[in-house]
Amino acid sequence: MWRTRAKKRAALLTAAILVPLTGTACAGPSTGTPNTTGIPAATGTPVDGGVIEYGHEQEPPCAHAGWVQNAYLARQYLDNLVSEADDGTVVPWLATGWDISPDRRSYTFHLRDDVEFTDGTRLDAAAVKYNMDRYLNEKTANTTVVSYLKPYFASDSAVDDFTYRIDLRTPYEPLLTALSQGYFGIQSPTALERGPQINCTAPVGSGPFILKKWERNRQITFVRNPKYNSAPANARHQGPPYVDKLIWKFLKDPVSRYGSLTSGSSDAVYNVPVIDWADAATEFQLSQYLTGGRPNTISMNVTHAPFDDVRVRRAFAHSADRRTAVRTAFRGVIPFNGNGALSSSTPDYDPAFDDTYRHDPATAARLLDEAGWNQRDSNGIRTKNGKPLHATLVYAADAVIGPEGAAVLQDIAAQARDVGFDIQLVPATQSEYFGGKYAPADTFNGYVGYWTSPTAGLLYINWRQRLPDQPNPDNTAYYNNPELQHTIELANSTADPAGRRRYYSKAQQIISDQAVSIGLYPQTTSIAVSPRLRDVWIEKSQGEPVFADARFIR
């Protein structure tokens, strides 16, 4: 139980300020916490004011929804109940503290009493409840909030003006960590009443910046919230941002994006191209975070041939040297993540399942023979009952999978062909991928994607059974295993960390043994920052870039 009383809040906030990361001489992939390398910020006097120009990659349809790109934006203008510090602990934000009932089914949050949304609406328990109800309502749902909370949520209530309570059907140990993500940011109820169209591009929060203007396909202008007084305990300072504006530019092309930094037209950029990584480390502050959750994987659709046969799934997993493909495409900047259930930076990740399916063409061939795919056509493709061993792999080109990731998939397809697979790569557009074109089971054999999350509790989202009366669109393998679901449920409800770890490990073993998810590499946030701008940092829950503490150096 963590209850931080109001009189202790100031001391707690001061004690929890993060120490700025220092530069190191060489770059290397990060693991569980954001890693800073490159050169340090310039020496000199920090000044207030100025405009940060930031070059980002993807432009989401709306400012707040269920994709990680929405979470990046939300961090700039919304506050959450809690935040996650670099060491994985959950620390106060809008909630100064919380009580957990003895049966671990009720969480009571004690809110600050001095926060307003930027439209003047009071931020109180009723506002928090309004947001949660809206996020869970099927007509106004945030799909990611629903995925995390709906199976466990029983009810919530505003106990009094500044006390908010969530009651659960069963214990859900990842709750606090889940609430630290940008999807759970609190918006103004007054503004939300304007309707989804207005709130899509002009939402109202209580955060450090105000979303002032969205110029589609170009940029978003955030302006300083001069009244900001509710930074999380792990912020680097308390109070309004130092800068006047944050210009969030959408620069999808990686070469142009990095070029905007080298030319000085941007002060910071997202996801440095791997070809420029070494150069960036000598010119800029460079931070990288391997985001937790599920790595970029190939989910095997078990509803129909050929991946309805576990032997074929295992053969495909053995057919390609995925480790070398990742190392080659990403030049060692982003590591291989063979565990298809969890990223290596996720708490309770088990490294034992990273190398289950090493490159072994002989084993792949034997498994295919055993599965009856023991003939070959004139093109060298294996056949069974006259049908070729064909599989389509769908991925979101330049949205989920960038050029390096596409190169990994091309290598995998080529090597799989050597053992007799005919793999067709299907580069879906962003609208096709997120719009559901490839959601039906009969539209794909393999589905490439990731799910960022700070908790292994994500396994329940990805692997809860997909049943007619209990649909689960996040189970892209269509893999229904009651034992797997029950194991994850036990993990999510177990308070003892060691016991929880054992259950999560067992779940990863089942996923690995059944070869329903083949790991590739983790989703990554990297930020390159001009030396003249200090204290841009990456938060832990989603790898969200944070600009509220940044200052220019004179």
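Two strands count as paired if DSSP finds at least two bridges between them. Strands (E, at least two residues) and helices (H or I, at least four) are DSSP runs numbered from the N terminus. The model is predicted: local features need pLDDT of at least 70, side-chain atom pairs count only at pLDDT 80 or more, and totals for chains, interfaces and linings use all residues. Residues are numbered from 1 along each chain as its sequence is written, and side-chain values use heavy atoms, leaving out hydrogens and water.

**View 1. An open, mixed sheet of 5 strands.** The strand order is β20-β19-β21-β15-β22. β20 (422–428) and β22 (517–521) are the edge strands; each has a single partner, so one side of each lacks a neighbour in the sheet. From one strand to the next, the twist averages 30° (axes are lines fitted to C-alpha atoms, for helices over the stretch in contact; angles run from 0 to 180 degrees between N-to-C directions).

**View 2. β15 (residues 293–300) against β22.** The pairing is antiparallel, over 4 bridges. Ser299 has Ser517 of β22 as its bridge partner. Helix α10 (residues 310–319) packs on the sheet and touches β15, β19 (390–396), β20 and β22 (contact means heavy atoms within 4.5 Å). The helix direction makes about 120° with that of β15.

**View 3. β21 (residues 446–452) and its cover.** Of its 7 residues, 7 are buried (under 20% relative accessible area, 1.4 Å probe, protein chains only). Gly446, Val448, Tyr450 and Thr452 point one way; Tyr447, Gly449 and Trp451 point the other.

**View 4. The pairings of β21 with β15 and β19.** β15 pairs with β21 in the antiparallel sense over 6 bridges. Gly293 stands opposite Thr452. β19 and β21 pair in the parallel sense over 2 bridges. Here Val394 stands opposite Tyr447.

Terms used: Buried means under 20% relative accessible area, exposed over 50%, partly exposed in between (1.4 Å probe, protein chains only).
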